[in-house]
Amino acid sequence: MYALPGRHAILALFIVFLLLPIYWLINMSFKTNVEITSTMTLWPLRPTLANYRVIFIDPSWYLSYVNSLEYVVINTVLSVSFALPAAYAFSRYNFLGDKHLFFWLLTNRMAPAAVFALPFFNLYSAIGLFDTPWAVALAHCLFNIPLAVWILEGFISGVPREIDETAFLDGYSFPRFFVKILLPLIASGVGVAAFFCFMFSWVELLLARTLTSVNAKPIAATMTRTVSAAGMDWGVLAAAGVLTLVPGAVVIWFVRNYIARGFALGRV
Amino acid sequence: MARIDLVDLAHAYGGNDADPSRFALKPTSMTWRQGGAYALLGPSGCGKTTLLNIISGIVRPSRGKVLFDGKDVMALTTQQRNIAQVFQFPVIYDTMTVGENLAFPLKNRGLPRAQIEARVAEIARLLDLSPVLDRKANRLSVDAKQKISLGRGLVRADVAAILFDEPLTVIDPGLKWELRSKLKVLHRALDLTMIYVTHDQTEALTFADTVVVMHEGSVVQTGTPEELFVRPAHTFVGYFIGSPGMNVLPAEVQGRQARIAGHVLGLDKSYGAWPAGARIEIGIRPEFVAVAAPAPGLLSAEIERIDDLGRSRFARLRMGGLKLAARLPKGLSIAGNTAGLVFDPAQIHVYADSRRVEGMA
Amino acid sequence: MEKITNQKAWLLVLPVFALVAFSAVIPLMTVVNYSVQDTFGNNKFFWNGIGWYQELLDPSTELGGRFFASLWRNLAFSAIVLAIEMPLGIVVALAMPREGWGVAFSLVVLALPLLIPWNVVGTIWQIFGRTDIGLLGYTLHWLGSDYNYVASPLDAWLTIIAMDVWHWSSLVALLCYAGLKSIPEAFYQAASIDGASRWAVFWAIQLPKMKRVLLIAGLLRFMDSFMIYTEPFVVTGGGPGNSTTFLSIELVKLALGQFDLGKAAAMSIVYMLIIIIVCWVYYTVMTNAGEDRGSARGGP
C-alpha cells in the first residue's frame, strides 16, 4: 500500500553492489596466478583448486585459521559469562555508581584499538601472555564485554522480576535460579550476544596482529604478511579470503530466522 | 452517511475452498441503516473484527459483497469508501500537534484553510480537546490520544461510517465510562452510522441502539439491547448477555409442560413435536427465578453460594448435575442449604439445538 | 520495572569491572604516564609535564601538524560516509520486503559484508580497485578513466569511501529495518484512511518511529569511522603520501613504528578525549529523547 516506488530495482541494485566484490574474490580464488595476472575474465578459464590446496596443506595457513578461531571462541565464552551476572545487576538493581559504571563500560566499546595497541603489547608481554590466544581474547574483552552487557541487560529487563521473586520464594539459590530459570528465558539474548561477540572478535585485525607473532598468529596476520611480500600470491590470498567468509556465512544462514523473528519483535 | 448492506458475505482466511465450518465469517446478509449506532458483540475469535475489516476494506472477503447506499464498494479502497476507523490503540502522528493531527485528513483533501480550522475547532470542542490543540500529540495521555484518533475520523464531514475496533481496550477503567458517554453524545450530535466492535457487553449495551451478537463466525441475533435481554434467540445470547447469564437447562418439553429432573414446570405457550435427535433446553434468566423456602410443589436445589451484587442478590444453586442462578428476594433468608425455586412461566424460553422456538398460544 | 537498591549487586558486577579495568585502566595509566615523560631511549624517563600536549596541539610543529592533518582527514571521512550511509541505509530498509522468502534472503546478503574480517575487506577492495587484476579498476580504465588509487589521492579517497559504504551501509539498513518492522500495520491503514501521500507517511510515521535506531546507527557509524584503521591501511597503507593517513594509522605509526612513546601517548589521550566527549553528547541526547517518551534509559 505504501511500498517504496521502484523498491525491487533499488534492492536488486544494492544486493548486486554487495555481492560483486565478493564474487570477484571467489572468482579469483579458482584461478591460477598466471591467469590472474595475464587475463581479465569473468570466470576462470581453467578453474583450479590449487589455491585451496595450498591452504589446507600448508600448516602456516591452516594453523592460523585455528588460532583465530581459538581466541574468538575463548573471547566469546569469557565475554558472555562475565557479562551475564553484570547485566542482571544492571537490570534489576540500583547501586552506587551504576549509571556511571554503565556509561564507562560503553565508552570502552568506543575506544580506538590504536590507542591500546602499544599498551597492550607491553602489558601482555609483561605478564607472559604475548603470542598466545589468551592475550587476544582478553584484549577483545575490552570491547565485547560492554557490548554483551548492553545486549543482555535489554533481554533480562524483558523478563518480569516477579519470576525472580517467585523462584526465590520457592527456595532457589541465586546460582540455581540463574542457570535453571533465567538462562532458558533469555536464551535468544545469549545467542545474540554470543553472535556479536564472535563477530567483533573475528573481524578485528590490529590487536590480533599486535599481540601475536609466531605461535598464535591469526589468519589476518598471515594474510597481511602476504601483502607486503614481493611476488604476490594472489590466488592463495583470494582463497584465504574466501575461507574467512565461511564462518560468517554459515552463522548467518543458521540464525537467519532468529534475526528475522527478532526484528519482528522490535527488540533492537 | 450511508446505509450499508452486506450481501451473502463470508470469509475464510485459508481461501474460498476451505471447509465451510472453518470460515472465520459464515455466510451472512444484513442491512445497517444510516445513522444507526450498532454494536458487534461477541467473544474473541467470533468473527466480529473480520466483519469490521471487510466493511472498511482492509480485508477482501472470500465471498459476497458490501454496498454503500446501494453501490457496490468491493473495488474501492478503504480511503475511497470514506470510512473512518478507530483502532484498539491510538494512532497519531507523533511529530504533529493535536490541531495538526485533526487537520491532516482535511489538508490531504485540499480543503481551504478557513474551512479546516473551523472544522477542527468544532470537533475539538466536541471532544474536549480545545485546550490542548497546540500541544504535541505524543505528549498526551492515552485516552486523549484515542480521542485524537477518533477526532481524525470525525473531522471529515461526509464520512460514510465510523468503525470502532475495541477502542477502549487501552483506556483506564475509570475513564472508559466517560469516553463511552462521549461517543453516545457524538452520535446524537452528528447523525453518523457507527459500528462498534467489542467483547464487553456493558460497552455494547450502553452504546448501541442495535446490537449484533456473533458467535463462531455467525450472527446469532440482531436487536435492541432490550430484545436481546428479554428474548434471546440463541442460548449463546442468553448466556453472554446479562450478569449472571441466562440459565440453560436440558428438559423434556411437551405441550404446555417442561419436565426437568422429574419435576414439571408450566409453560405459557404450547409446543408440538420435535425433530428426531434435537437437543431441547429451556432458558430462563436468573432475574425471573426466585428462591423460596423449600416446598413440595417447588423444584428444589442446593445453595452453593450467594453473590451480593449490591442492588440485588443472586444465589448459585446446584440441582443434581445442573447448575443455575436465581434471584434472592429482599429480606428472605433460608435455613439450611436447600431452597425451592419459583419460575415465572412467561419468561421461560424453549430452545431446540440452541435456537429459540416460538410456541403456540 | 521497579529496581531495588542493593549495594550487593556490586558483587555481580565485580568480575566485569575487574576485567575491563584490567584491560582499560592499567594500559591507560601507562599511556598517561608516558604522555608526561620523555626518554632518551635508555629506559630512563624524566618528567616532561604537558610538553607533549603542547607540541601536539600546536599545528606549527611537526607533531601538531601531523595530528591536525589526520584529525581533519578523519572528520572529513566520517562526515562523508555518514552523509552517504545514513540515507542509503534508510532507502534500502524501505526497499526490503516485509514478508516472504525475500526477508531471510535479504537479511543474509546484507549481513555478509558485516561478518568479513576487516583485513579481508581491505584485501577485497585492494584487489577490486587494481587496474590489472580488479574488476572495478579494469572496467574504469576500459571506460577511459585514468583511475589509480595508488597514485592519486582523490582516487584513493574515493576507493576507501566506496569500501566503507560497501562495508557498513548494511548495518544502517538492518537497524532501520528493525525500526520499521516495529510499526504496527494499523498506522498504515489509518494513514490510508486519512488520505496521506507516500511522502507524508514517510515523514509523519516512518521517520519518527526510526528516530531511535537512527541515533544508534549514527553513533555507531561515527565512532567506528572515526577509529578506522585496518581497511584503509590494507588498501593504501596510508598513502599515496599520507593522503589517507587517518588518526589511528598515524598513531600506530608513531607508537609501534617509531616507538615515539611520549608523542604517541599524548596523541592517544587526546584522541580518546575527543571520542568520549562526542559519545557523552550523543548519550545525553539519546537519553533525553528516550525520556521524551517516558523511558528511563537510552538502552537497546
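This is a predicted model: local features need pLDDT of at least 70, side-chain atom pairs count only at pLDDT 80 or more; totals for chains, interfaces and linings use all residues.
Tutor: Residues are numbered from 1 along each chain as its sequence is written, and chains are lettered from A and ligands numbered from 1 in the order in which they are written.

Student: What makes strand 1 of chain A and strand 1 of chain C a pair?

Tutor: Two strands pair if DSSP finds at least two bridges between them. Strand 1 (residues 93–94) of chain A and strand 1 (residues 4–5) of chain C have two bridges, in the parallel sense, so they meet that rule.

Student: How do you know which residues of chain C and chain A touch?

Tutor: Two residues are in contact if their C-beta atoms, placed from the backbone, lie within 7 Å. By that rule, 80 residues from chain C and 88 residues from chain A take part. Helix 1 (residues 9–35) of chain C gives the largest share of chain C's side, 14 residues.

Student: What are the classes of the residues on the side of chain C that touches chain A?

Tutor: There are 62 nonpolar, 14 polar and four charged residues. Ala, Val, Leu, Ile, Met, Phe, Trp, Tyr, Cys and Pro count as nonpolar, Asp, Glu, Lys and Arg as charged, and the others, Gly among them, as polar.

Student: And how many residues from chain C and chain B are in contact?

Tutor: Chain C gives 13 residues and chain B gives 18. Helix 8 of chain C gives the most to chain C's side, with six residues.

Student: Why are two regions of chain B called domains?

Tutor: Domain bounds come from an automatic or database domain assignment. For chain B, that assignment gives domain 1 (4–240) and domain 2 (247–357). Their centres, taken over C-alpha atoms, are 38 Å apart, and seven residues of domain 1 of chain B contact eight of domain 2 of chain B.

Technical notes
Helices (H or I, at least four residues) and strands (E, at least two) are DSSP runs, numbered from the N terminus.
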